[in-house]
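User: I have a structure open and would like to go through a few spots in it with you. Could you start wherever you like?

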Amino acid sequence: MSLETLRRDFGGDIIEPGTAEYPSAGRSILASGSPAYVLRPKSVEDVQAGVRFAAGAGLSLSVRGGGHSFAGFGTLDDGVVIDLGKLANVEVIDKERHLVRIGGGATWGQVVAGLAPHGLAISSGDTKDVGVGGLTLSGGIGWKVRKYGLALDNLVTAEVVTAGGQVVQASEKENPELFWAIRGGGGNFGIVTAFEFAAHPTTDIFYGKISFPASEAATVLQGWAEHLRTAPEELTSVAEFANPFAGGPEAPVEIRLAFDGDDPDLAARAIDPIRRLGTVIGDDVTLKPYADALVDGATPPPGIQLVTRNAFVDQASVPEVLRMLVEVGAAQGSPFIAVRSVGGAVSRVPDDATAYAHRQAELMLVTTILGPQPVIEAARPALDAVWARLAPHVNGAYANFLTSASEEDVAAIYPTRTYERLAAVKRQYDPGNLFARNHNVRPQ
(Lines give C-alpha, C1' and ligand atoms only; values in the text may rest on other atoms or scores of the structure.)
Protein backbone atom coordinates (compact mmCIF):
# COMPACT_ATOMS: atom_id res chain seq x y z
CA MET A 1 0.00 0.00 0.00
CA SER A 2 1.36 3.41 -0.97
CA LEU A 3 1.28 6.50 1.23
CA GLU A 4 -1.23 8.07 -1.15
CA THR A 5 -3.54 5.08 -0.77
CA LEU A 6 -3.14 5.19 2.99
CA ARG A 7 -4.04 8.88 3.09
CA ARG A 8 -7.14 8.15 1.00
CA ASP A 9 -8.39 5.09 2.84
CA PHE A 10 -7.23 5.50 6.43
CA GLY A 11 -10.11 6.63 8.64
CA GLY A 12 -8.05 7.59 11.66
CA ASP A 13 -5.29 10.14 12.22
CA ILE A 14 -1.95 10.19 10.38
CA ILE A 15 0.55 12.21 12.39
CA GLU A 16 3.84 13.22 10.76
CA PRO A 17 6.92 15.23 11.81
CA GLY A 18 6.30 18.95 11.87
CA THR A 19 2.70 18.75 13.05
CA ALA A 20 1.52 20.09 16.41
CA GLU A 21 0.66 16.63 17.73
CA TYR A 22 3.91 14.97 16.69
CA PRO A 23 6.13 15.68 19.75
CA SER A 24 3.72 13.96 22.13
CA ALA A 25 2.59 11.31 19.64
CA GLY A 26 6.16 10.29 18.87
CA ARG A 27 7.05 9.34 22.42
CA SER A 28 5.73 6.69 24.75
CA ILE A 29 5.59 6.90 28.54
CA LEU A 30 9.15 5.68 29.10
CA ALA A 31 10.85 6.25 25.75
CA SER A 32 11.43 8.92 23.11
CA GLY A 33 11.26 8.26 19.40
CA SER A 34 11.21 9.93 16.00
CA PRO A 35 8.82 7.82 13.93
CA ALA A 36 8.11 8.69 10.32
CA TYR A 37 4.38 8.20 10.91
CA VAL A 38 2.13 7.75 13.92
CA LEU A 39 -1.15 6.14 12.90
CA ARG A 40 -4.17 6.30 15.19
CA PRO A 41 -6.74 3.91 13.72
CA LYS A 42 -10.43 4.20 14.46
CA SER A 43 -11.37 0.75 13.18
CA VAL A 44 -10.04 -2.71 12.54
CA GLU A 45 -9.89 -1.82 8.84
CA ASP A 46 -7.61 1.09 9.71
CA VAL A 47 -5.30 -1.28 11.58
CA GLN A 48 -5.21 -3.57 8.55
CA ALA A 49 -4.33 -0.62 6.34
CA GLY A 50 -1.57 0.49 8.72
CA VAL A 51 -0.02 -2.96 8.81
CA ARG A 52 -0.11 -3.27 5.02
CA PHE A 53 1.42 0.18 4.62
CA ALA A 54 4.31 -0.56 7.00
CA ALA A 55 4.99 -3.93 5.42
CA GLY A 56 4.72 -2.62 1.87
CA ALA A 57 7.02 0.33 2.55
CA GLY A 58 9.58 -1.86 4.31
CA LEU A 59 9.29 0.25 7.48
CA SER A 60 9.81 -0.99 11.02
CA LEU A 61 6.62 -1.15 13.08
CA SER A 62 5.79 -0.40 16.70
CA VAL A 63 2.42 -1.17 18.23
CA ARG A 64 1.28 1.00 21.14
CA GLY A 65 -1.47 0.10 23.56
CA GLY A 66 -1.04 2.02 26.79
CA GLY A 67 2.54 3.03 25.98
CA HIS A 68 3.99 1.81 29.29
CA SER A 69 6.46 -0.70 27.88
CA PHE A 70 9.53 -0.61 30.13
CA ALA A 71 11.66 -1.49 27.11
CA GLY A 72 10.20 1.35 25.02
CA PHE A 73 8.52 -0.86 22.43
CA GLY A 74 5.73 1.70 21.90
CA THR A 75 7.86 3.99 19.75
CA LEU A 76 10.85 3.91 17.41
CA ASP A 77 12.90 5.98 14.97
CA ASP A 78 12.00 6.33 11.28
CA GLY A 79 9.31 3.64 11.18
CA VAL A 80 5.56 3.44 11.80
CA VAL A 81 3.79 3.54 15.16
CA ILE A 82 0.27 2.15 15.26
CA ASP A 83 -1.32 3.72 18.34
CA LEU A 84 -4.47 1.79 19.31
CA GLY A 85 -5.72 4.36 21.81
CA LYS A 86 -8.94 5.09 19.90
CA LEU A 87 -9.94 1.38 20.01
CA ALA A 88 -10.86 1.46 23.69
CA ASN A 89 -14.45 0.27 24.02
CA VAL A 90 -15.46 -1.81 27.05
CA GLU A 91 -18.67 -3.80 26.60
CA VAL A 92 -20.41 -6.61 28.48
CA ILE A 93 -21.52 -8.91 25.65
CA ASP A 94 -22.90 -11.84 27.68
CA LYS A 95 -24.25 -11.02 31.14
CA GLU A 96 -24.82 -14.63 32.17
CA ARG A 97 -21.29 -15.72 31.29
CA HIS A 98 -19.79 -12.36 32.38
CA LEU A 99 -18.17 -12.16 28.95
CA VAL A 100 -16.58 -8.78 28.22
CA ARG A 101 -15.25 -7.38 24.94
CA ILE A 102 -12.45 -4.83 25.23
CA GLY A 103 -10.76 -2.81 22.50
CA GLY A 104 -7.06 -3.41 21.95
CA GLY A 105 -6.17 0.16 22.94
CA ALA A 106 -8.07 0.28 26.24
CA THR A 107 -6.31 0.83 29.55
CA TRP A 108 -7.07 -1.03 32.75
CA GLY A 109 -8.44 2.16 34.26
CA GLN A 110 -11.01 2.31 31.48
CA VAL A 111 -11.82 -1.36 32.06
CA VAL A 112 -12.40 -1.10 35.80
CA ALA A 113 -14.52 2.02 35.30
CA GLY A 114 -16.56 0.32 32.58
CA LEU A 115 -17.12 -2.88 34.53
CA ALA A 116 -17.76 -1.41 38.00
CA PRO A 117 -21.45 -0.57 37.29
CA HIS A 118 -21.96 -4.24 36.40
CA GLY A 119 -20.24 -5.50 39.57
CA LEU A 120 -17.59 -7.21 37.45
CA ALA A 121 -13.80 -7.22 37.27
CA ILE A 122 -10.96 -8.93 35.42
CA SER A 123 -7.71 -10.05 37.00
CA SER A 124 -5.30 -7.42 35.71
CA GLY A 125 -2.25 -5.39 36.64
CA ASP A 126 -2.11 -2.70 39.29
CA THR A 127 -1.81 0.50 37.21
CA LYS A 128 -4.75 2.34 35.66
CA ASP A 129 -3.10 3.72 32.54
CA VAL A 130 -1.29 0.54 31.52
CA GLY A 131 -2.71 -0.94 28.33
CA VAL A 132 -4.83 -4.07 28.35
CA GLY A 133 -2.97 -5.44 25.33
CA GLY A 134 0.65 -5.26 26.41
CA LEU A 135 -0.07 -6.50 29.90
CA THR A 136 -2.29 -9.38 28.82
CA LEU A 137 -0.17 -10.69 25.97
CA SER A 138 2.83 -11.18 28.26
CA GLY A 139 1.07 -12.17 31.49
CA GLY A 140 -0.86 -9.86 33.79
CA ILE A 141 0.17 -10.01 37.46
CA GLY A 142 -1.92 -7.84 39.78
CA TRP A 143 -4.09 -7.73 42.88
CA LYS A 144 -6.33 -10.67 41.96
CA VAL A 145 -3.62 -12.95 40.60
CA ARG A 146 -3.65 -15.60 43.34
CA LYS A 147 -7.42 -16.03 43.16
CA TYR A 148 -8.15 -15.56 39.45
CA GLY A 149 -4.78 -16.09 37.78
CA LEU A 150 -3.04 -13.97 35.22
CA ALA A 151 -4.95 -11.61 32.95
CA LEU A 152 -4.17 -13.96 30.06
CA ASP A 153 -5.71 -16.90 31.96
CA ASN A 154 -9.08 -15.15 31.67
CA LEU A 155 -8.84 -14.51 27.94
CA VAL A 156 -11.47 -16.35 25.87
CA THR A 157 -11.05 -14.96 22.34
CA ALA A 158 -8.83 -12.46 20.57
CA GLU A 159 -9.30 -10.63 17.29
CA VAL A 160 -5.89 -10.44 15.62
CA VAL A 161 -4.59 -8.54 12.60
CA THR A 162 -1.71 -10.57 11.19
CA ALA A 163 1.41 -9.40 9.36
CA GLY A 164 -0.38 -9.98 6.07
CA GLY A 165 -3.18 -7.63 7.08
CA GLN A 166 -5.77 -10.36 7.58
CA VAL A 167 -8.17 -10.48 10.53
CA VAL A 168 -8.33 -13.83 12.33
CA GLN A 169 -10.02 -15.01 15.52
CA ALA A 170 -7.97 -16.90 18.09
CA SER A 171 -9.56 -19.10 20.75
CA GLU A 172 -9.41 -22.65 22.06
CA LYS A 173 -11.50 -23.74 19.06
CA GLU A 174 -10.40 -21.33 16.34
CA ASN A 175 -6.69 -21.06 15.48
CA PRO A 176 -5.83 -22.70 18.82
CA GLU A 177 -2.06 -22.63 18.29
CA LEU A 178 -2.16 -18.87 17.76
CA PHE A 179 -4.32 -18.59 20.87
CA TRP A 180 -1.71 -20.56 22.81
CA ALA A 181 1.05 -18.29 21.51
CA ILE A 182 -0.52 -14.90 22.21
CA ARG A 183 -1.09 -15.89 25.84
CA GLY A 184 2.47 -15.15 26.93
CA GLY A 185 4.20 -14.61 23.59
CA GLY A 186 3.67 -10.86 23.61
CA GLY A 187 3.15 -8.88 20.41
CA ASN A 188 5.11 -11.27 18.21
CA PHE A 189 2.19 -12.59 16.15
CA GLY A 190 -0.02 -9.68 15.23
CA ILE A 191 -2.03 -6.78 16.58
CA VAL A 192 -4.87 -7.72 18.91
CA THR A 193 -7.65 -5.27 18.12
CA ALA A 194 -10.17 -6.77 20.56
CA PHE A 195 -10.07 -9.08 23.56
CA GLU A 196 -12.93 -11.11 25.00
CA PHE A 197 -12.43 -11.95 28.67
CA ALA A 198 -14.37 -13.99 31.17
CA ALA A 199 -14.85 -11.46 33.97
CA HIS A 200 -15.97 -12.35 37.49
CA PRO A 201 -18.35 -10.76 40.00
CA THR A 202 -16.44 -8.52 42.38
CA THR A 203 -17.02 -6.75 45.67
CA ASP A 204 -15.11 -4.06 47.49
CA ILE A 205 -11.73 -5.35 48.66
CA PHE A 206 -9.49 -4.79 51.64
CA TYR A 207 -6.46 -2.95 50.33
CA GLY A 208 -3.51 -1.01 51.69
CA LYS A 209 -0.07 -1.40 53.22
CA ILE A 210 1.38 -2.46 56.55
CA SER A 211 4.80 -1.01 57.36
CA PHE A 212 7.63 -2.28 59.57
CA PRO A 213 11.05 -0.84 60.50
CA ALA A 214 13.91 -1.63 58.15
CA SER A 215 15.74 -3.26 61.05
CA GLU A 216 13.11 -6.03 61.10
CA ALA A 217 13.33 -6.82 57.39
CA ALA A 218 14.80 -10.31 57.82
CA THR A 219 12.08 -11.67 60.10
CA VAL A 220 9.23 -9.80 58.43
CA LEU A 221 10.09 -10.94 54.90
CA GLN A 222 10.65 -14.59 55.82
CA GLY A 223 7.44 -14.65 57.84
CA TRP A 224 5.54 -12.92 55.06
CA ALA A 225 6.65 -15.51 52.49
CA GLU A 226 5.77 -18.39 54.79
CA HIS A 227 2.33 -16.94 55.45
CA LEU A 228 1.56 -16.41 51.75
CA ARG A 229 2.39 -20.05 51.11
CA THR A 230 -0.72 -21.16 53.02
CA ALA A 231 -2.83 -17.99 53.09
CA PRO A 232 -6.25 -17.90 51.42
CA GLU A 233 -5.94 -17.26 47.69
CA GLU A 234 -8.04 -14.15 48.15
CA LEU A 235 -4.86 -12.59 49.60
CA THR A 236 -2.28 -11.21 47.17
CA SER A 237 0.70 -9.23 48.42
CA VAL A 238 3.89 -7.38 47.46
CA ALA A 239 6.79 -6.65 49.82
CA GLU A 240 8.75 -3.47 49.03
CA PHE A 241 11.89 -2.19 50.72
CA ALA A 242 15.09 -0.17 50.21
CA ASN A 243 13.00 2.56 48.58
CA PRO A 244 15.52 5.32 47.71
CA PHE A 245 12.81 7.97 48.08
CA ALA A 246 11.98 6.84 51.62
CA GLY A 247 15.45 6.46 53.11
CA GLY A 248 17.12 3.71 51.09
CA PRO A 249 18.55 1.23 53.61
CA GLU A 250 16.50 2.90 56.35
CA ALA A 251 13.24 2.84 54.39
CA PRO A 252 10.41 0.89 56.00
CA VAL A 253 9.48 -2.56 54.81
CA GLU A 254 6.07 -2.04 53.26
CA ILE A 255 3.78 -5.03 52.82
CA ARG A 256 1.18 -4.02 50.25
CA LEU A 257 -1.79 -6.33 50.07
CA ALA A 258 -5.24 -6.91 48.70
CA PHE A 259 -7.83 -9.28 50.14
CA ASP A 260 -10.36 -10.00 47.43
CA GLY A 261 -13.57 -9.93 49.43
CA ASP A 262 -15.57 -7.66 51.73
CA ASP A 263 -16.06 -9.95 54.75
CA PRO A 264 -14.12 -8.29 57.60
CA ASP A 265 -13.72 -11.50 59.59
CA LEU A 266 -12.29 -13.47 56.69
CA ALA A 267 -10.05 -10.55 55.78
CA ALA A 268 -8.75 -10.26 59.34
CA ARG A 269 -7.94 -13.96 59.46
CA ALA A 270 -5.88 -13.59 56.29
CA ILE A 271 -4.21 -10.26 57.12
CA ASP A 272 -3.67 -10.34 60.91
CA PRO A 273 -0.80 -12.88 60.73
CA ILE A 274 1.11 -10.27 58.71
CA ARG A 275 0.47 -7.62 61.35
CA ARG A 276 2.01 -9.96 63.93
CA LEU A 277 5.29 -10.33 62.02
CA GLY A 278 6.95 -7.33 63.65
CA THR A 279 6.55 -3.81 64.98
CA VAL A 280 3.80 -2.19 62.92
CA ILE A 281 4.66 1.47 62.24
CA GLY A 282 1.93 2.06 59.67
CA ASP A 283 -1.30 0.33 58.67
CA ASP A 284 -3.77 1.85 56.23
CA VAL A 285 -5.56 -1.31 55.09
CA THR A 286 -9.21 -0.49 54.53
CA LEU A 287 -12.25 -1.58 52.53
CA LYS A 288 -12.44 0.16 49.16
CA PRO A 289 -13.63 -0.41 45.59
CA TYR A 290 -11.33 -2.62 43.53
CA ALA A 291 -10.86 0.27 41.10
CA ASP A 292 -9.25 2.31 43.86
CA ALA A 293 -6.50 -0.29 44.27
CA LEU A 294 -5.19 0.54 40.81
CA VAL A 295 -2.76 3.45 40.85
CA ASP A 296 -1.91 6.14 38.33
CA GLY A 297 1.30 5.40 36.47
CA ALA A 298 4.21 7.77 36.96
CA THR A 299 6.00 9.42 34.05
CA PRO A 300 9.71 10.04 34.74
CA PRO A 301 10.94 13.59 34.19
CA PRO A 302 12.96 14.23 31.02
CA GLY A 303 16.46 12.76 31.26
CA ILE A 304 15.55 10.23 33.96
CA GLN A 305 16.11 6.62 32.97
CA LEU A 306 14.76 3.45 34.53
CA VAL A 307 16.45 0.05 34.74
CA THR A 308 14.19 -2.79 35.87
CA ARG A 309 15.16 -6.46 36.15
CA ASN A 310 13.25 -9.42 37.54
CA ALA A 311 13.31 -13.17 38.07
CA PHE A 312 11.17 -15.89 39.58
CA VAL A 313 11.86 -17.80 42.79
CA ASP A 314 10.77 -21.37 43.43
CA GLN A 315 9.74 -22.43 46.92
CA ALA A 316 13.01 -24.16 47.83
CA SER A 317 15.05 -21.01 47.07
CA VAL A 318 12.82 -18.51 48.88
CA PRO A 319 14.69 -18.42 52.25
CA GLU A 320 18.12 -17.92 50.65
CA VAL A 321 16.92 -15.34 48.13
CA LEU A 322 15.18 -13.29 50.82
CA ARG A 323 18.30 -13.48 53.01
CA MET A 324 20.39 -12.11 50.15
CA LEU A 325 17.89 -9.37 49.37
CA VAL A 326 17.85 -8.21 52.98
CA GLU A 327 21.64 -7.88 52.84
CA VAL A 328 21.45 -6.00 49.56
CA GLY A 329 18.71 -3.69 50.80
CA ALA A 330 20.72 -2.76 53.90
CA ALA A 331 23.67 -1.46 51.85
CA GLN A 332 24.05 2.08 50.54
CA GLY A 333 23.22 2.32 46.85
CA SER A 334 20.80 -0.59 46.92
CA PRO A 335 18.24 -0.76 44.14
CA PHE A 336 14.58 -0.44 45.05
CA ILE A 337 13.42 -4.01 45.74
CA ALA A 338 9.94 -5.48 45.36
CA VAL A 339 8.94 -9.11 45.89
CA ARG A 340 5.55 -10.23 44.56
CA SER A 341 3.59 -13.27 45.67
CA VAL A 342 2.28 -15.44 42.87
CA GLY A 343 1.27 -19.12 43.06
CA GLY A 344 -2.38 -19.87 43.78
CA ALA A 345 -4.49 -19.92 40.65
CA VAL A 346 -1.45 -19.25 38.46
CA SER A 347 0.17 -22.51 39.49
CA ARG A 348 -2.91 -24.62 38.79
CA VAL A 349 -2.67 -24.02 35.04
CA PRO A 350 -0.44 -26.61 33.32
CA ASP A 351 3.00 -25.30 32.41
CA ASP A 352 2.45 -25.85 28.70
CA ALA A 353 -1.16 -24.63 28.51
CA THR A 354 -0.02 -21.13 27.50
CA ALA A 355 3.22 -19.51 26.40
CA TYR A 356 3.61 -18.03 29.89
CA ALA A 357 5.96 -20.69 31.21
CA HIS A 358 6.72 -19.84 34.85
CA ARG A 359 3.70 -21.35 36.56
CA GLN A 360 5.36 -22.95 39.59
CA ALA A 361 7.19 -19.89 40.90
CA GLU A 362 6.25 -18.82 44.41
CA LEU A 363 7.66 -15.29 44.20
CA MET A 364 8.80 -12.79 41.61
CA LEU A 365 11.52 -10.35 42.62
CA VAL A 366 12.04 -7.01 40.89
CA THR A 367 14.88 -4.51 41.24
CA THR A 368 14.73 -0.95 39.96
CA ILE A 369 17.26 1.86 39.70
CA LEU A 370 16.52 5.24 38.20
CA GLY A 371 18.25 8.52 37.57
CA PRO A 372 20.12 10.47 34.90
CA GLN A 373 22.37 8.49 32.57
CA PRO A 374 25.59 9.08 34.61
CA VAL A 375 23.87 7.85 37.79
CA ILE A 376 22.57 4.74 36.00
CA GLU A 377 26.00 3.92 34.58
CA ALA A 378 27.66 4.37 37.96
CA ALA A 379 25.11 2.05 39.59
CA ARG A 380 25.29 -0.74 37.00
CA PRO A 381 28.35 -2.60 38.34
CA ALA A 382 26.80 -2.97 41.80
CA LEU A 383 23.48 -4.03 40.27
CA ASP A 384 25.20 -6.61 38.09
CA ALA A 385 26.98 -7.94 41.18
CA VAL A 386 23.64 -8.32 42.99
CA TRP A 387 22.19 -10.33 40.13
CA ALA A 388 25.34 -12.45 39.86
CA ARG A 389 24.81 -13.45 43.50
CA LEU A 390 21.14 -14.18 42.93
CA ALA A 391 21.62 -16.10 39.67
CA PRO A 392 22.05 -19.62 41.14
CA HIS A 393 18.84 -19.25 43.13
CA VAL A 394 16.42 -17.64 40.65
CA ASN A 395 15.12 -18.47 37.19
CA GLY A 396 13.24 -17.06 34.24
CA ALA A 397 11.94 -13.54 33.73
CA TYR A 398 8.64 -11.71 33.31
CA ALA A 399 8.58 -9.72 30.07
CA ASN A 400 6.45 -6.88 31.41
CA PHE A 401 9.04 -5.88 34.03
CA LEU A 402 12.15 -5.70 31.86
CA THR A 403 13.74 -2.55 30.46
CA SER A 404 16.03 -4.60 28.21
CA ALA A 405 15.36 -7.02 25.37
CA SER A 406 18.59 -8.95 24.90
CA GLU A 407 18.94 -12.53 23.70
CA GLU A 408 19.49 -13.47 27.34
CA ASP A 409 16.23 -11.80 28.31
CA VAL A 410 14.31 -13.66 25.61
CA ALA A 411 15.86 -16.96 26.71
CA ALA A 412 14.85 -16.25 30.30
CA ILE A 413 11.26 -15.40 29.36
CA TYR A 414 10.82 -18.43 27.10
CA PRO A 415 12.33 -21.80 28.04
CA THR A 416 13.66 -23.76 25.06
CA ARG A 417 10.56 -25.86 24.36
CA THR A 418 8.28 -22.84 24.67
CA TYR A 419 10.48 -20.79 22.36
CA GLU A 420 10.61 -23.52 19.73
CA ARG A 421 6.82 -23.80 19.70
CA LEU A 422 6.47 -20.01 19.52
CA ALA A 423 8.93 -19.86 16.63
CA ALA A 424 6.80 -22.30 14.66
CA VAL A 425 3.72 -20.11 15.20
CA LYS A 426 5.76 -17.05 14.27
CA ARG A 427 6.79 -18.68 11.01
CA GLN A 428 3.13 -19.26 10.15
CA TYR A 429 1.75 -15.82 11.04
CA ASP A 430 4.73 -13.46 10.67
CA PRO A 431 7.44 -15.10 8.55
CA GLY A 432 9.06 -11.75 7.75
CA ASN A 433 9.24 -10.72 11.43
CA LEU A 434 7.30 -7.49 10.89
CA PHE A 435 6.34 -7.61 14.58
CA ALA A 436 9.88 -7.39 15.91
CA ARG A 437 9.53 -4.54 18.43
CA ASN A 438 9.06 -6.85 21.40
CA HIS A 439 10.97 -9.58 23.21
CA ASN A 440 11.39 -11.04 19.81
CA VAL A 441 10.75 -14.60 18.76
CA ARG A 442 12.30 -15.13 15.34
CA PRO A 443 10.53 -17.32 12.79
CA GLN A 444 12.14 -20.71 12.37
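Analyst: Ala242 counts as buried, at 4% relative accessibility, where buried means under 20% relative accessible area, exposed over 50% and partly exposed in between, using a 1.4 Å probe and protein chains only. This is a predicted model, in which local features need pLDDT of at least 70, side-chain atom pairs count only at pLDDT 80 or more, and totals for chains, interfaces and linings use all residues. Residues are numbered from 1 along each chain as its sequence is written, and side-chain values use heavy atoms, with hydrogens and water left out.

User: ok, and where does Ala242 lie?

Analyst: Ala242 lies in the loop between strand E13 (235–241) and strand E14 (253–259); strands (E, at least two residues) and helices (H or I, at least four) are DSSP runs, numbered from the N terminus. Its phi is positive, near 60°, in a residue other than glycine.

User: What about His98, what is its phi?

Analyst: His98 is not a glycine, although its phi is positive at about 55°. His98 sits in the loop between strand E5 (90–94) and strand E6 (99–103), and it is partly exposed, with a relative accessible area of 25%.

User: Switching to Arg40, buried or exposed?

Analyst: Arg40 is buried because its relative accessible area is 18%, and its place is in strand E2 (residues 37–40).

User: which residues does it touch?

Analyst: Leaving out residues up to four places away in sequence, Arg40 touches Phe10, Gly12, Asp13, Ile15, Glu21, Ala25, Asp83 and Lys86, where contact means heavy atoms within 4.5 Å.
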